[in-house]
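Thanks for coming. I have one model to go through today, and I will keep to what can be computed from its atoms.

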Amino acid sequence: MNLKNHISQIISEFSYKVRSKKHPDACICYQQNKPCHKMDDLNCFLCYCPFYDTSKEEGGCKRNCKDGKWFYSEKLPKGKIWDCSDCTYPHEKATVKGILEEFFNNK
Ligand code: SF4
Ligand code: SF4
């Protein structure tokens with residue numbers, strides 16, 4: 001199997017529709033049949049976004065994505081935290097494909 005086929009197979013296996021059927025215990029969203037984002041073809045490969053800035057306690061987005069936003073609360077150590085709940089970027093097939101291509105090309 002060539003690299004392109006591997007990538008398309010990974011993308012296919014990690015689609016919400018496939019993974020929730022094959023691995024129902026892997027995420028509470030599968031068990032409750034409630035995807036974490038409302039979108040046509042949610043992909044779970046980048047469940048944790050690689051662009052989230054973990055170097056700061058309040059978080060942030062390394063690509064300055066306009067779909068993220070600050071959540072403010074006096075209870076938080078920094079008074080705010082970066083909230084990605086409205087961002088679908090890491091769950092789009094094109095994003096996963098681009099990241100996998102970059103990863104394999106750098107190997
Ligand atoms: S992206 Fe993560 S949290 Fe969202 S449905 Fe998939 S596995 Fe669950
Ligand atoms: S705003 Fe989007 S791209 Fe940025 S860290 Fe959050 S999920 Fe990732």
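I will start with the conventions, then take the fold, the ligand shell, the salt bridges and the aromatic rings.

This is a predicted model, so local features need pLDDT of at least 70 and side-chain atom pairs count only at pLDDT 80 or more, while totals for chains, interfaces and linings use all residues. Residues are numbered from 1 along each chain as its sequence is written, chains are lettered from A and ligands numbered from 1 in the order in which they are written, and side-chain values use heavy atoms, with hydrogens and water left out.

First, the fold. The chain has 4 helices and 2 strands, where helices (H or I, at least four residues) and strands (E, at least two) are DSSP runs, numbered from the N terminus. Along the sequence the order is α-α-α-β-β-α. Taken along the principal axes, the C-alpha atoms fill a box of roughly 50 × 35 × 20 Å.

How much of the chain is buried? Of its 107 residues, 29% count as buried. Buried here means under 20% relative accessible area, exposed means over 50%, and partly exposed is in between, with a 1.4 Å probe and protein chains only.

Ser15 is in the loop between α1 (3-13) and α2 (16-22), and it is buried at 10% relative accessibility. Its C-alpha is 9.0 Å from that of His91, although the two residues are 76 apart in sequence.

Now the ligand. Which residues surround ligand 1? They are Tyr16, Cys27, Cys29, Tyr30, Cys36, Cys44, Cys47 and His91; a residue counts as near if one of its heavy atoms lies within 4 Å. By class the shell has 7 nonpolar residues, 1 polar and no charged.

Cys44 is buried, with a relative accessible area of 15%, whereas Cys47 is exposed at 64%. As for cysteine pairing, the structure holds 0 disulfides, a disulfide being a pair of cysteine sulfur atoms within 2.5 Å.

Next, the charged pairs. The structure holds 6 salt bridges, each a side-chain nitrogen of Lys or Arg within 4 Å of a carboxyl oxygen of Asp or Glu. In one of them, Lys22 pairs with Glu13, with the closest N and O atoms 2.9 Å apart. Glu13 is partly exposed at 28%.

Another joins Asp41 and Lys93, at 3.4 Å between the closest N and O atoms. Asp41 lies in the loop between α3 (28-32) and β1 (69-72) and Lys93 in helix α4 (residues 93-105), so this pair ties together parts that are 52 residues apart in sequence. Asp41 is partly exposed at 28%, and Lys93 is partly exposed at 45%.

Lys97 bridges to Glu101, with 3.0 Å between the closest N and O atoms. Both lie in helix α4, 4 residues apart, about one turn of the helix. Lys97 is partly exposed at 41%, and Glu101 is partly exposed at 29%. Elsewhere, Lys69, Asp83 and Asp86 are linked in a network of salt bridges.

Last, the rings. How many aromatic pairs are there? The count is 6, where rings of Phe, Tyr and Trp (its six-membered ring) pair if their centres lie within 6.5 Å, and planes under 30 degrees apart count as stacked, over 60 as edge-to-face and the rest as tilted. One of them is Phe103 with Phe104: the ring centres are 5.5 Å apart and the planes are at 70°, so the pair is edge-to-face. Phe103 is partly exposed at 43%, and Phe104 is partly exposed at 24%.

Charges also sit over rings, meaning that NZ of Lys or CZ of Arg is within 6 Å of the ring centre and within 35 degrees of the ring normal. The charged end of Arg63 is over the ring of Tyr89, 3.5 Å from its centre. Lys80 lies over the face of Trp70, 4.0 Å from the ring centre.

Notes. Ala, Val, Leu, Ile, Met, Phe, Trp, Tyr, Cys and Pro count as nonpolar, Asp, Glu, Lys and Arg as charged, and the others, Gly among them, as polar.
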